[in-house]
Amino acid sequence: MPRPRIRQDGVGVPTARGVGSLPQLAWPEGRGVVPLGSLSAQDNCSALPAPGNARRIRWGGGHVSAGAFSSASETKPWNPCRVCNFMSHEKCMKHVRSPCAWAASSWVRVPVAHCFGPRGLYKRRFCNVCRKGLEAPALRCEVCELHVHPDCVPFACSDCRQCHRDAPQDHDTYHHHWREGSPSSGARCEVCRKACGSSEVLVGLRCEWCGVQAHSVCHVALAPECTFGRLRGMVLPPACVRLASRNFSKKHCFRIPEPAAPEPGEGDDGVDGGVAPTGREALSAPESSKLTLRVFDGNDALQRNHFRLVTVPRQARSQEEAALQAFYISDDPQGFELQPLPSSPHGGESGDPGEAPGSGATKEEVLRGPGSRDPTSEAWVIRALPRTREVLRVYPGWLKVGVACVSVRLTPQSTAGSVVLEVLPLLGRQVEGPESFQLVEVLMGSRQVQRTVLEGEWLLLDRLQDIRQMSVQQMSQTRFYVEESRPVVPCVSLFVGGLPASLDSQEYSTLLWEAMAPKADVVSVSHVYASQGAVVLDVRCFAEAERLYVLARDTAVQGRPLTALVLPVVLHTNLPPDCCPLLVFVNPKSGGLKGRDLLCSFRKLLNPHQVFELTNGGPLPGFHVFSQVPHFRVLVCGGDGTVSWVLATLEETRHRLACPSPSVAILPLGTGNDLGRVLRWGAGYSGEDPLSVLLSVDEADAVLMDRWTILLDAHAADGAENGMANGEPPKVVGAQAGDPALQHPKYPSLPCSSQHAQGPAPGPPPTLGALWAPTPTPGDLGARRLAGRWVRRSLAQVVQMSSYCGIGIDAELSLDFHQAREEAPGRFTSRLRNKGEYVRVGLQKLSRARGLHRELRLQVEQQEVELPSLEGLIFINIPSWGSGADLWGPDSDSRFEKPRMDDGLLEVVGVTGVVHMVQVQGGLRSGIRIAQGSYFRVTLFKATPVQVDGEPWVQAPGHIIISAAGPKVHMLKRSKQKPRKAVSSPQEA
């Protein structure tokens, strides 16, 4: 056998079919047009035809020349690519470094699948495959800046950001991850300082980690190593995150909830051709001189009825090249042929993909014009002709060698074992025996990367032919790696929530065994969060981990569905000394419903593994992932209730954290946002650049804030036991439904509904929204401290408070609002509408007179306080209430100290009704100052509405104890000066 050819380009990529090399291993996964400004909107290649008789000339990036021509608006000759819509001036062809769509997968450094979200409209964006504008609803990756048409998804290569380690890699440095078309229209090239962005065509490159922007030609002058830019101290480095993601989709790895109804083509990278044609060109009627064919690219497309419409001249003799171009394949057309697909007796295509296509109409019969059958009803399948010899590129898998790949010639006798034996000397591993290595086939699909270990006796030519028979286009996305065949010991961390609270490890193991029957030899309970009703399982088998994950999502324990999440492992010993990663929590249902866009933005600016959606498991999974990180900060995106929920979870898990007191910043997304106002984060998020938000967090000042424990003790023991068993605060705490003592003027019976009891723990059920009180569990530290003094723990329930606690009229208004939002969530889509609903429910109570002072008794520091006539009693910890109102007032009073949020004191203020509350919010009056202290006891004689940090419920008659809770929390207060401009230069960074 002749000596295989090896490309020795240092760390360059191999030259294949005329593709140039780069001075680094990673080719930019985008494509660029050079020079900038050479294309206009009307000259975009999507509207320019290519000459049919041009020679197949290869130029930079693997593009196939279609011949030079000039447009009416340009004197310089253009040269379009035959395969993709890339265009360049003829004199610029030698400078082109953007790969053609067919060759893009050859330049991928590490195959990583994309994670596409729901379809949406993206203005002034272009498809990264066909380079045309996104005028119709398109798809966007949730992790990177890839935008594609739905029918271009199968042709997108797996070049997403690598956010974690999935194998024992040995890369010491992290390279830039380039994406074309990401720079804004005003972006400047880092090298030449000229404009490198455009809103008219797909131009310019941008690193999706550090944000450096450059022309496709200029970027090669930059150092290949990425420093993560201005956010390098906040980003969780990918080399410090380990996740065995085999058998799990990208959405599962990044904890992205899947839609209830799958998108068309979801999971199979295509669109059902029987319903909607794949090609957008089919929307326009074909010319009479042209013929439209339905072309399948193999047996897999036949089985799923996925085809592409190909328009060719009616008098043309060879349509193979046009069919290959429709599938972004640039191989020699002489190695393929179009075979007519026989029709079934029912008028459709034959369902047997292996059936010989000789019985149907021939291609000449379809093409000869008048008198033939309707050509648009005919279907063709493109087949690869058998080959006796072939050149195979083999890539080293995670090996530190000086080459990107080696090439070997295959013969009919070549097997996977013989190829490994031939490749090892070329990679400098000839000393080691071939039995220590294996040949792995990797399919780099856009949605999933599949690995198949080839047995040593497999004939590779037969294997390649089988792949082409299955899908011709799939062959261009298939790679072969030689890897060490050392045994892989997987360890998947599986978070399971929604279990009953306050059990021990053995009881949780019994529950899981009864519900899911895990294999005891490969599954163990590594962490137990009894107060939250959650456990973390270590699974040492990929198949078992997948089975448990799928089963847990469809399992209910004691009437409550379980929550299952795949969690990464942070390698805290590998973190840089100056790294203080940011843990981000986002509540997409808060306030104006802007959390969904922020989730996507933060996933792209940071590592997706440090961004958690609170509606999918709550805050506990995030704190568990960061439990061993020595230093980190927290960003909470939500309203006051969301902030209190996260702080309560932090208090419960503090003793498990290596960083027990992380600083917490706020991005206000709620309606009132009082805590965000006090800490200078604003009255509410109004579309500020997410990068500016992160820079502000990085430069914020640390301050202290008191935390308070509210212990709820009702008289009826049975109901209290039921509420505590679920680990959740029912609408009526501490009594059973129908109890005469619980009769409320407007809410005659508010039981602990079965819908609430079935909500997923540790977060709020989706249907209850803000009726969830933050983590009210009897195992809280504050509960243990207070329970021994005055009440049995089994009759008490604990709530944590950060900002304020209201009893009476303000809690009743909040409860009405949340019930209205629960009944019609579609009406509450903005902060302004939410405030309008508050006004509506407030007007209904203008003439209401209840006399709250006769229905409760207040004790401050063991001293009873006589209450004036009032309708609401409010305990405030911060100088903001009711969307920024100063309830305490600015006037000095010798009886009380000046309020501060870190003085260890609460202020008690009363309001006389709705009119008084409106006057306070308008700045016309202040509340009635009643008391100031650190220990309070409220005795309720009737069922009364209560709210804590905006989360309301109806409290049963009994006692409410308020006292300081543990250590103060560290909050981040926004700096007064504007954040420094983001650093884009590696030299400045």
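Me: How many salt bridges does the count come to?
Reply: This is a predicted model, in which local features need pLDDT of at least 70 and side-chain atom pairs count only at pLDDT 80 or more, while totals for chains, interfaces and linings use all residues. Side-chain values use heavy atoms, without hydrogens and water, and residues are numbered from 1 along each chain as its sequence is written. A salt bridge is taken as a side-chain nitrogen of Lys or Arg within 4 Å of a carboxyl oxygen of Asp or Glu. By this rule the count is 26.

Me: Which residue meets R633 in a salt bridge, and is R633 buried or exposed?
Reply: The partner lies 65 residues away, in helix α14, whereas R633 belongs to strand β29; helices (H or I, at least four residues) and strands (E, at least two) are DSSP runs numbered from the N terminus. The N to O distance is 3.3 Å. Buried means under 20% relative accessible area, exposed over 50% and partly exposed in between (1.4 Å probe, protein chains only). R633, at 14%, is therefore buried, and its partner is D698.

Me: Which residues are linked with R633 and D698 in a network of salt bridges?
Reply: D698 is partly exposed, at 26% relative accessibility. The network joins R633 and D698 to R230 and E699.

Me: Which residues of α14 does α10 meet?
Reply: Contact means heavy atoms within 4.5 Å. From α10 (residues 595-605), the residues L598, S601, F602 and L605 take part. On the α14 side they meet P690, L691 and L694.

Methods. Axes fitted to C-alpha atoms, helices over the stretch in contact; angles between N-to-C directions.
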